[in-house]
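I opened the notebook to go through the charged side chains. My plan was to look up pairs, then their surroundings.

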Amino acid sequence: MRDYDDIAAFLGTWGPFQRTILLALAISILPNGFVGIYIVFVGDTPPHECLIPEEYNISEIWREAAIPMITQDGSLKRSSCTRYRVDTLRNYSMLGYIPNVDVNMTDIELESCLNGWKYSKDIYQSTIVTEWNLVCENEHKVPLTSSVRYFGALVGTFLSGQISDRFGRRPTLFLMMALQTISIFIQIFSPNWEVFTTLFFFGGFGEISNYLVAYILGSEILGPRERVVFCSMGVFLSSALGYMVMPAVAFFLREWRWLVASMAASGLIYVPLWWFIPESPRWLISQGRFEEAEAILRQAAKRNKVKPPDAIFTPVELNIAATKKEKRYNILDVVRSCDMVAIITLCALLWMIITLGYFSLILNTSNLHGNAYLNCFLSAIVEVPAYVIAMLLLKYCPRRFCQSSTLLLGGAVILFIHLIPLDIPEVAIFLEMVGKFGITAAFCVVYAVTSEVFPTVVRNMAMGICSMSARVASIVSPFILYLGKVYKYLPYILIGSFAVCGGLFCFLLPETFRKALPETFADMQKIRGLRGDTSEMTKDDHAERPEVKEQKF
């Protein structure tokens with residue numbers, strides 16, 4: 001049977017149909033970039049200290065002295081979680097004593113913030129931290145919130161991969177869009193942290209899943225020339241644009257509920273896309289549904305103003321439709337092949353390393369020196385050149401070079417951060433942005449590498465497995481940053497070390513540069529993986545697979 005790219009070759013390249021599909025799918029990703037990291041602001045912890053209620057009738061000098069000084073990151077700061085015993089301070093205040101003159105403050109007993117906390121409103125009017133006091137003994141709930149969201153993404157990518165391979169890309173895509181939008185909307189009315197976090201689970205379930213399915217749908221519908229642009233610039237640049245808009249919106253919406261409302265409103269953009277995004281003809285062919293695939297291709301030909309062949313599919317291809325209809329693939333088919341297991345393990349490992357670095361660096365923007373909104377914007381804008389470079393690498397360079405170079409750059413630069421003196425934080429921020437550039441480009445490349453190495457019949461399932469592995473890393477990423485409380489530079493050392501190791505691991509993957517996308521397990525298994533490069537195949541090997549053509553970019 002012919003490759004889908006050969007079947008659809010009559011459509012030409014960059015026609016109105018291809019441009020519409022690329023634009024529609026890119027627009028579908030805009031809200032993902034917009035809502036993907038709003039927890040950076042919604043869940044940020046502003047400066048705070050123990051509240052001393054007015055009714056305690058303590059003089060101003062004793063009220064100011066009520067908060068002990070502690071050493072944190074090498075400097076003295078007012079404690080956020082303890083205060084001197086208020087009853088004792090009130091007695092000293094009534095006697096007219098002066099702190100640190102008449103009374104040695106270190107002799108006074110400490111107590112926790114029994115009356116709550118006083119939060120700075122210099123940056124935020126409210127966050128979930130200030131509303132539900134997620135500080136001190138409850139501060140672990142802040143990274144746990146993000147971890148629960150990423151756990152939802154883990155479950156969602158696994159289930160959506162199964163659903164998409166069984167019922168189709170298009171219905172799964174819009175189902176996940178609806179789940180994401182509805183969950184975020186209900187989140188506005190959360191009465192407590194538990195409800196907010198539960199809804200965050202379902203938001204993560206839908207958001208990462210529709211991102212993955214949109215990527216698969218575009219890579220299957222579009223031809224080789226459009227596919228490279230879509231897989232690098234289309235999906236990822238669109239996400240970056242949404243990401244760049246988010247800190248600007250957050251700057252003007254300092255109340256967390258209003259900010260979440262704007263996130264939910266972005267889901268309205270999905271509605272008109274239903275009429276512009278068709279099912280994947282490649283998936284329909286793999287299911288033996290030739291009539292539906294032919295209808296889409298003929299409609300595409302009409303849009304492109306080209307004449308389709310009288311018979312898009314040959315009689316031989318139509319004869320195997322019944323066989324295709326009967327054959328269904330599941331996770332057991334994936335693990336039966338040693339080559340498949342080895343390759344999917346390597347891909348999953350790369351996804352975990354890249355995702356850990358990417359989301360850790362994103363979540364860390366509010367912790368950097370300087371303005372949180374500006375740092376978040378810089379973190380977003382650095383993704384644009386990263387995706388441009390990734391597109392050029394994917395267009396002209398072997399896949400293993402693309403993956404290794406981006407990971408080694410990002411990892412090496414991040415490792416250097418812990419060598420920068422504390423008195424020049426601007427240099428550390430610059431290096432973090434360069435490291436984010438490398439990791440972001442690697443993120444873009446790993447999607448292309450993974451989608452090219454697996455066959456159509458299980459491609460979405462395999463992508464789901466890899467993405468599910470990545471979600472395990474994303475669940476851990478908030479707590480990687482939490483390790484910074486133990487040693488400030490420990491997160492950078494871990495992220496950088498993992499990235500450098502990943503850059504070396506990727507040389508074990510098979511090379512897919514300018515190779516046709518495999519359609520079946522037989523095509524996939526002949527990609528040599530650990531046993532050698534496909535470029536070293538013998539003439540007999542090539543004779544066994546005449547249907548695989550070289551892709552021209």
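Which side chain meets that of E452 in a salt bridge, and at what N to O distance? I looked it up: the partner is R399, at 2.9 Å. By salt bridge I mean a side-chain nitrogen of Lys or Arg within 4 Å of a carboxyl oxygen of Asp or Glu.

Before going on, I noted the ground rules. This is a predicted model, where local features need pLDDT of at least 70, side-chain atom pairs count only at pLDDT 80 or more, and totals for chains, interfaces and linings use all residues. Residues are numbered from 1 along each chain as its sequence is written, and side-chain values use heavy atoms, with hydrogens and water left out.

**Entry: E452 and R399.** I placed both ends. E452 sits in helix α21 (residues 425-453) and R399 in helix α20 (residues 399-416), so the pair ties together parts 53 residues apart in sequence. Helices here are DSSP runs of H or I with at least four residues, strands are runs of E with at least two, and both are numbered from the N terminus. The cut-offs are under 20% relative accessible area for buried, over 50% for exposed, and partly exposed in between, using a 1.4 Å probe and protein chains only.

**Entry: the whole structure.** How many salt bridges does a search of the whole structure find? I got 15.

**Entry: E64 and R78.** I found their side chains joined by a salt bridge of 3.3 Å, N to O. E64 belongs to helix α4 (residues 60-64) and R78 to strand β3 (residues 75-78), so this pair links parts 14 residues apart in sequence. E64 is partly exposed at 49% relative accessible area. R78 is also partly exposed, at 29%. I followed the shared partners too: salt bridges join E49, E64, R78 and K118 into one network.

**Entry: R83 and E111.** Their closest N and O atoms are 2.8 Å apart, in a salt bridge. R83 is in strand β4 (residues 82-84) and E111 in strand β5 (residues 110-112), so the pair connects parts 28 residues apart in sequence. Buried or exposed, I asked of R83? R83 is buried, at 1% relative accessible area. E111 counts as buried at 14%.

**Entry: D165.** I ended in helix α7 (residues 141-167), which holds D165. D165 is buried, with 8% relative accessible area. Its side chain makes a 2.6 Å polar contact with that of R169. A polar contact is a pair of N or O atoms within 3.5 Å; within protein, one must be able to donate a hydrogen and the other to accept it, and residues adjacent in sequence count only if both atoms are side-chain atoms.
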